[in-house]
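Reader: I'd like a close look at one part of this protein, please. Start with a single pairing, then follow the chain from there.

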Amino acid sequence: QAVVFVLCKPGATCGATGGVLPAVSRALDVNTGVSSVTMQVECPLGSADVVLHAAVSGTESAALATSTTIACRCDAGQTRSTIAERSTWVCKQCEEGSYILDPNNPAHSCETCPAGAVCNNSTVIGKINGSVWTPDATYPGRVELVSCPEGYSILNPAVYEEQACVPCAPGRFCRGKGTPSIKCPDKRHSSDKAKGASDCFEAAFVSMTMSLPLGEDAFRFKKAVAEAADTTPDMVLIVDFFQTSRRSGAIQLRTLHPESMDVRSKIAAVDEAGARAMVDSLRVDSVNSFLMKEGIPAGQITASPTVIPNPNLPAAFPVVDVTVGCIVAFLFLLLVGTTVIHYKNRAASTRLLTAPKGTLCNQRDLPYELRGKYQAVQMLGRGGSGVVVEVVQINQQNMWLGDKHTVGAA
């Protein structure tokens, strides 16, 4: 003998030919009186239950038949999959990296994980700590990013797959929650992830326009310009760009398939001295070397780097002027000192050495060690390697004392 197993709709007459699936027959073990079968449960469309009926073949006795109701329930991470030819549905596992909020809600299905989250069949976890995801009231079965922490904003909230908390861009600040980023006031700049207006600082900017091939990565461009200017990528802003024809340089319509684009950028500096230093660094050969390091073909600077002054910044310290002034002052003091030392240490003046006999001289014509000691000096003549002078002084008794010295040339 054998046991016939069949799945039936609830409330329907269940027999060998009236089931949801074809009946399955399994032999009855004569020793144990047991028969078993493994079957995939398929549930009728529109029903949350199915009836499993088992009966010994070849008999109509109710004592040899039994029925049990099976709840059609899917586990976490599973979705309902319809089998149209039999008007049934089965549970199917969602693909890796997707999710389903309620596996037993017919309106829910496996959803693609948004860019800003990590999904594991039944869970959705934001990649950024503090991001908040809730069920989307407009699209049942999906999640919606409603809040980001300070320093972040929501990227493309209207495009489901692209929803993510992204760092606040340089030159802007983000208060978090669901608010968009806000541009820093004019003449101010901020690093990435700025949280409030207080993070925007006064800055001087260097404006530069460069022609590049189409389709180049903006971050790699910013990184190359930052390295050439000896700063960081978050200090580089891409103001705008427009497509041009490499052949003519004129602005073209998209249908003309332009080959290059002009990128207008601004590089922030904390003061005007730093901005001027950037201008000196942003030479076309230097910028191109860093572009090629980032895998970007060399371009052309179409608008030379120019400092955009900021009147709110303190006046730049005139380093060059002060340095030149200090050098001039030092040289003047050196000249004065040398002159003093010369006059202090010379042996005798040129006037004294060339004066005729009998000429009256003053103390400045004497060697330093004789000055201040005598009241009168007279040239007597020449002798030895110099000249002979008579010097007169008054002693403590107011008497004139004469003395003779031979002094040499300086």
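Reader: Which residue in E7 is the bridge partner of Cys43?

Author: That's Trp89. Before we go on, keep in mind that this is a predicted model, where local features need pLDDT of at least 70 and side-chain atom pairs count only at pLDDT 80 or more, while totals for chains, interfaces and linings use all residues. Residues are numbered from 1 along each chain as its sequence is written, and side-chain values use heavy atoms, with hydrogens and water left out.

Back to your pairing. Strand E3 (43–44) is joined to strand E7 (residues 88–93) by two bridges, and these strands run antiparallel. Strands, by the way, are DSSP runs (E) of at least two residues, helices are runs (H or I) of at least four, and both are numbered from the N terminus. Two strands pair if DSSP finds at least two bridges between them. In general, strands of a sheet pair through backbone hydrogen bonds, and they can do that parallel or antiparallel.

Here, three strands make up an open sheet, antiparallel in its pairing, in the order E3-E7-E6.

Leave aside the neighbours within four places in sequence, and Val50 is in contact with residues including Cys43, Pro44, Val41, Ile70 and Pro10; contact means heavy atoms within 4.5 Å. Pro10 is 40 residues away from Val50 in sequence, yet their C-alpha atoms are 5.8 Å apart.

Now on to the disulfides, of which the structure holds seven; the term means a pair of cysteine sulfur atoms within 2.5 Å. In one of them, Cys94 is joined to Cys110, S to S 1.9 Å. This pair links distant parts of the chain, 16 residues apart: Cys94 sits in the loop between E7 and strand E8 (98–99), and Cys110 in the loop between E8 and strand E9 (111–112). The torsion about their S-S bond is about -80 degrees, so the disulfide is left-handed. Cys94 is buried at 6% relative accessible area, whereas Cys110 is partly exposed at 28%.

Another disulfide is formed by Cys148 and Cys165, with sulfur atoms 2.0 Å apart. Its S-S torsion is about -95 degrees, so this disulfide is left-handed. Cys148 lies in the loop between strand E13 (143–147) and strand E14 (152–155) and Cys165 in strand E15 (residues 164–167), so parts 17 residues apart in sequence are tied together. Both of these cysteines, Cys148 and Cys165, are buried. Pro157, in the loop between E14 and E15, is a contrast: at 54% relative accessibility, Pro157 counts as exposed.

Further along, a disulfide joins Cys184 to Cys200. With a torsion of about -70 degrees, the disulfide is left-handed. Cys184 and Cys200 are buried.

Let's finish with the helices. Helix H3 (residues 284–293) has Ser286, Val287, Asn288 and Leu291 buried, and what covers the buried residues includes strand E20 (204–213), helix H1 (218–228) and helix H2 (272–281). The axes of H1 and H3 come within 8 Å and cross at roughly 140 degrees. Axes are lines fitted to C-alpha atoms, for helices over the stretch in contact, and angles run from 0 to 180 degrees between N-to-C directions. H1 and H3 are therefore oblique to each other; under 35 degrees counts as roughly parallel, over 145 as roughly antiparallel, 65 to 115 as roughly perpendicular and the rest as oblique.

Within H3, take Asn288. At 10% relative accessibility, Asn288 counts as buried. Setting aside neighbours within four places in sequence, Asn288 is in contact with Met210, Ala298 and Gly299. After H3 comes Gly295, with a positive phi near 85 degrees.

Methods
Buried means under 20% relative accessible area, exposed over 50%, partly exposed in between (1.4 Å probe, protein chains only).
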